[in-house]
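Good morning, and thank you for coming. Today I shall present one structure with two chains in view, taking each chain in turn and then the contact between them. Please look at the sequence and the model first.

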Amino acid sequence: MNAVGPALALAAALAGAGSVAGLVTPPRWRAAAVGACTTGVGAAGLAAGVAALGGTRWSAALPGLLPLAGVQLAVDALSGLFMAVAGGVIAAVGVYGIGYARPTGHGGHLVAGAAGPAHGVLSRGAQAVLPLFAVTLLLVPAASSVSTFLLLWELMALTSLLLVCAEHRERASVREAGTWYAVMTHLGLVLLLAGLALYAARAGGETFAALRAGAGAMSPAARGTVFVLTATAFASKAGMVPLHAWLPRAHPEAPSHVSALMSAAMVNLGAYGIIRVGFDLLGGGPRWWWLLVLAAGALSAVYGILQAAMASDLKRLLAYSTSENLGLVLVGVGAAGLFAAAGNQALAALALTAAMLHVINHSAFKALLFCAAGSVLRATGLRDLDALGGLRARMPATAGLFAVGALGAVALPPGNGFVSEWLLLQSLIHGLAVPGTLAAVVLPVAVAAIALSAGLAAAVFVKALGVGFFALPRSPRAAGAVEAPPAMLAGMGLLAACCVALALVPGTLADGLTHATAAAGLRGSGTALTENGLQVRLARIPALLSPLWVAVALAAGVLAVSALTGVVARRRRRRQARLWDCGGGAPTARMAYTATSFAEPLQRVFDDVLAPEQDVDVTPVRESAYLVERVRFQRRIPDRIEHRVYRPVLDALTGVGTLARRLATGSVHRYLGYGFFGLVTLLVALAMAQ
Amino acid sequence: MSGAHAVSALGAVRGVGAAAMVAQVVVVIGGAPLLTGLMRQVRARMEGRAGAGIAQPWRDVRKLMRKEPITPVRTGPAFRAAPLLLVVTAGVIAALVPLVSTATPVSGSADLILVVAVLALGTVSLALAGLDTGTAFGGMGASREMTVIALVEPTILLSVFALSIPAGSTNLPAIVAGAEHHPGRLASPAGALAAVALAVVVLAETGRLPVDNPATHLELTMVHEAMVLEYSGPDLALVELGSQMRLTVLLGLLASLFAPWGIATGASVGAACLGLLLLAVKVAVLGVLLAAAEVFWAKLRLFRVPELLAGSFLLALLAVTASYFLTGEGSR
């Protein structure tokens with residue numbers, strides 16, 4: 001009995017029902033109805049994905065659904081992995097969204113949908129689009145022909161664009177973010193369209209089976225062109241430097257549950273695309289392909305986390321961290337390609353397994369972190385860490401859940417991120433077995449990049465947790481925060497449970513990951529991980545990790561030491577006392593370190609890379625130049641790549657536009673002249689061509 | 001009969017291994033304050049002072065333990081848990097690292113990357129505690145500590161990389177046992193470069209001169225002390241003990257990696273006892289050398305520290321390359 005097909009059909013039906021519910025239900029019930037349907041979509045997707053990961057294959061051709069090419073769907077273990085990840089995130093986020101979209105208790109009140117203006121997240125449009133976005137996330141990995149893939153890819157981009165713009169009436173920055181996202185995602189689509197169209201033309205068919213069959217007969221130049229075009233488009237979706245500019249704008253400005261979906265499910269599909277096209281369809285390629293992927297990944301990992309270290313906007317920080325983590329995933333994918341190109345299938349399977357495990361881990365903790373950031377945003381209306389603080393006392397559950405996510409993100413045991421980074425490091429360290437000087441030069445640098453990004457990630461999440469949630473509130477709005485409603489906590493609780501399970505028993509995924517790497521085309525490689533629920537044991541390399549035992553040892557140690565201290569300290573009761581602060585007495589919130597001050601030493605160390613802009617403006621008193629009336633200090637750390645690469649292009653386009661305006665003076669004679677010259681030029685060109 | 005013998009022999013191996021592991025932890029806990037006392041004494045004598053005696057840190061711990069535990073208001077679980085985590089992470093590392101024997105029950109899981117990560121966990125929990133107090137000093141210490149840690153991480157992992165090349169594994173007992181059986185690995189340029197790089201890392205991780213001054217208080221230069229200013233009584237005792245254990249276990253790790261002689265590789269009780277004795281000697285020698293060197297060093301300015309760490313990173317990178325071209329390529 002094949003469960004994949006019915007589950008996907010159920011997901012599509014529920015998405016349709018949810019979309020209709022978003023349009024017709026009154027605002028009071030809208031969020032609950034849409035949330036329930038979205039959770040159902042996610043659960044169905046998770047079921048389909050898990051079934052496919054178990055080794056079930058499913059395919060369907062629906063020729064009547066679309067004119068010309070019809071719809072082709074096929075699900076293997078590789079699709080199943082990304083489908084299951086997306087499904088899990090969607091299910092949890094659906095629950096979370098029920099609470100998130102409800103108006104806040106204080107201040108906000110229910111705006112009648114029909115009479116009043118559309119109200120951000122709860123608006124009819126935003127609620128109707130959410131289940132559709134969810135179902136495209138599930139169906140993109142199931143597409144098995146070029147036209148189906150492009151259609152679903154574009155639907156995913158459009159629905160997410162609509163959701164990013166949900167709060168455009170509230171903030172002008174949403175509109176700017178929407179424009180950036182729309183332009184960049186469509187430039188990506190153009191590249192993807194060009195690459196896949198070229199591929200389909202050369203391979204003589206547009207189904208994935210035809211592409212796979214035709215790949216061998218293509219010339220290396222054509223294969224390389226197809227790979228570069230598609231990989232660039234996919235890398236832009238995955239937020240790789242320098243095509244990341246949309247990501248730190250769109251993710252913070254979207255409603256938080258949409259940010260969670262985008263950051264934990266949508267960007268993964270960039271990695272999926274590279275794996276699918278590079279490994280499965282094109283059947284691997286020369287070393288330079290994978291060197292490009294690896295270099296882009298390593299660069300994005302370091303650059304992304306460095307920008308996150310400088311960010312004081314909580315959601316922007318998380319968005320840059322997404323860029324970092326997808327960078328790590330692509331380091332794994334690139335390394336897998338390099339090893340496969342050198343003929344070492346076992347190492348390639350290990351690297352690809354590490355990359356896929358990191359996709360799963362990243363999705364779990366990043367969805368949790370974005371949801372927790374959303375509940376902070378909902379409670380305080382603030383994203384600026386410099387103005388937050390003191391939330392641990394006011395929102396203890398959210399703070400605890402954020403801490404679980406942050407532990408995963410810093411890649412330290414007993415967090416879930418550590419397991420996949422450990423695997424990635426193992427594959428790179430043992431990659432020296434691949435002959436050639438290239439490996440000896442590239443792999444140490446890649447290890448150093450991963451290590452630097454891990455070290456900076458520790459600083460980033462200590463900052464996010466310590467400055468955002470600990471100490472004293474730095475603004476009245478942070479002081480007035482109240483705990484999130486139960487639906488939001490339940491959604492986050494689901495994600496936290498996933499994080500804990502992934503951290504303690506990652507070995508249970510060994511089978512599924514093996515199927516997925518085999519489906520990616522690394523056949524004959526056998527298993528990279530041996531199956532053992534409690535341990536991660538590599539099949540061909542003497543390496544063993546027992547995350548559960550590490551966690552047990554740490555917990556037992558903490559209990560033993562605290563009990564022992566209690567005995568030695570003669571069980572005296574703890575007394576509360578004022579903070580000492582070197583005799584300065586109780587400090588106020590203004591004295592505490594902010595996110596900006598926390599990042600200052602790192603900013604100084606990486607001064608040459610970040611190029612901060614600093615502005616000191618001293619206004620003297622009118623009577624004397626020596627008496628200072630006012631000093632204004634301003635520092636901005638702009639995204640340097642954006643500054644250097646995008647700004648000149650945008651300026652040039654604006655200049656061309658301004659110049660082009662001179663052509664249109666309003667004189668009808670001139671326009672007729674243009675028409676005349678245009679026609680004559682065309683005729684001359686035609687005559688010359690013949 | 002032979003089966004029964006084999007089972008009992010296996011039991012004996014396990015028993016000796018487990019005993020060696022427990023001995024490692026106990027020796028690190030008991031010896032850490034003594035090592036600090038020894039280092040302070042050496043330093044005092046070289047500076048022409050009498051010194052307080054080797055056992056003074058233990059007397060400090062006893063004194064602090066008897067005091068009333070105090071929780072500063074508005075601090076939370078992060079502040080309470082950090083001293084415990086600092087001690088426990090150092091204890092877990094003491095159990096994992098083959099200080100006395102490479103045949104302990106956890107030797108299969110004693111991965112060098114795991115050790116590095118557990119060490120970082122202790123640092124991160126202390127940095128969070130510093131931020132939890134909400135004082136300017138706490139935040140300052142946390143910020144500086146995280147900066148140093150972020151820059152140290154590449155050096156550590158590249159050194160791990162270099163060390164794992166000859167052994168073909170990042171498993172610590174495999175690396176140590178391999179070095180013990182093939183001493184030539186240590187004399188190679190790669191071994192020497194990795195040793196220097198890791199030594200700098202140990203100085204940075206344990207907050208010694210020239211990265212941080214453990215003797216300073218209430219100066220704008222301090223890093224570690226700034227984070228723990230609010231601790232008092234038993235909590236402070238744990239923090240002190242935890243930092244001393246970190247220093248001991250990291251010096252022990254250096255000794256195991258670069259002077260592995262005497263570490264038991266089998267299940268003999270005599271070898272384990274010899275290993276224990278040699279561990280004490282090796283760590284004491286390293287500690288005395290460090291203390292003597294510290295008399296002549298000045299603390300670096302905070303923003304000169306990255307230069308030192310960049311230098312050690314370069315050494316580690318050279319170690320990997322040397323290791324690859326001298327052993328990896330040569331043996332093939």
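Predicted model: local features only at pLDDT ≥ 70, side-chain atom pairs only at ≥ 80, totals over all residues.

Let us begin with chain B, of whose 332 residues 62% count as buried. A residue is called buried if 20 or more other C-beta atoms lie within 10 Å of its own, exposed if 12 or fewer do, and partly exposed in between, with the C-beta atoms placed from the backbone.

Residues are numbered from 1 along each chain as its sequence is written, and chains are lettered from A and ligands numbered from 1 in the order in which they are written.

Chain B contains twelve helices and one strand. These are DSSP runs numbered from the N terminus, helices being H or I with at least four residues and strands being E with at least two. Along the sequence, the pattern of chain B reads α-α-β-α-α-α-α-α-α-α-α-α-α. The C-alpha atoms of chain B fill a box of roughly 65 × 50 × 40 Å along the principal axes. A compact globule of 332 residues would have a radius of gyration near 20 Å, and chain B agrees, with 20 Å. That radius is taken over C-alpha atoms, and the globule rule is 2.2 Å times the number of residues to the power 0.38.

We turn now to chain A, which has 26 helices and eight strands. Its radius of gyration is 27 Å, close to the 26 Å that the globule rule gives for 690 residues, so chain A is as compact as a globular protein of that length. Of the 690 residues in chain A, 57% are buried, and its C-alpha atoms fill a box of roughly 95 × 75 × 60 Å along the principal axes.

For residues 143-431 of chain A, an unreviewed UniProt entry lists "domain: NADH:quinone oxidoreductase/Mrp antiporter transmembrane". UniProt positions are given in the numbering used here, feature names are shortened, and annotations may be inferred rather than shown by experiment. Over residues 143-431, chain A is 79% helix and 0% strand, and the end C-alpha atoms are 33 Å apart.

Which strand runs antiparallel to strand 7 of chain A? The partner is strand 8 (residues 628-636) of chain A, joined to strand 7 by eight bridges; two strands pair if DSSP finds at least two bridges between them. Within this pair, Val616(A) stands opposite Phe633(A).

Finally, let us consider where the chains meet. The contact takes 70 residues from chain B and 64 residues from chain A, two residues being in contact if their C-beta atoms, placed from the backbone, lie within 7 Å. On the side of chain B that touches chain A, helix 5 of chain B gives the most, with 21 residues. By class, that side has 46 nonpolar, 17 polar and seven charged residues. Here Ala, Val, Leu, Ile, Met, Phe, Trp, Tyr, Cys and Pro count as nonpolar, Asp, Glu, Lys and Arg as charged, and the others, Gly among them, as polar.

Strands also pair across the two chains: strand 6 (residues 575-577) of chain A and strand 1 of chain B run in the parallel sense over three bridges. There, Arg575(A) stands opposite Ile70(B).
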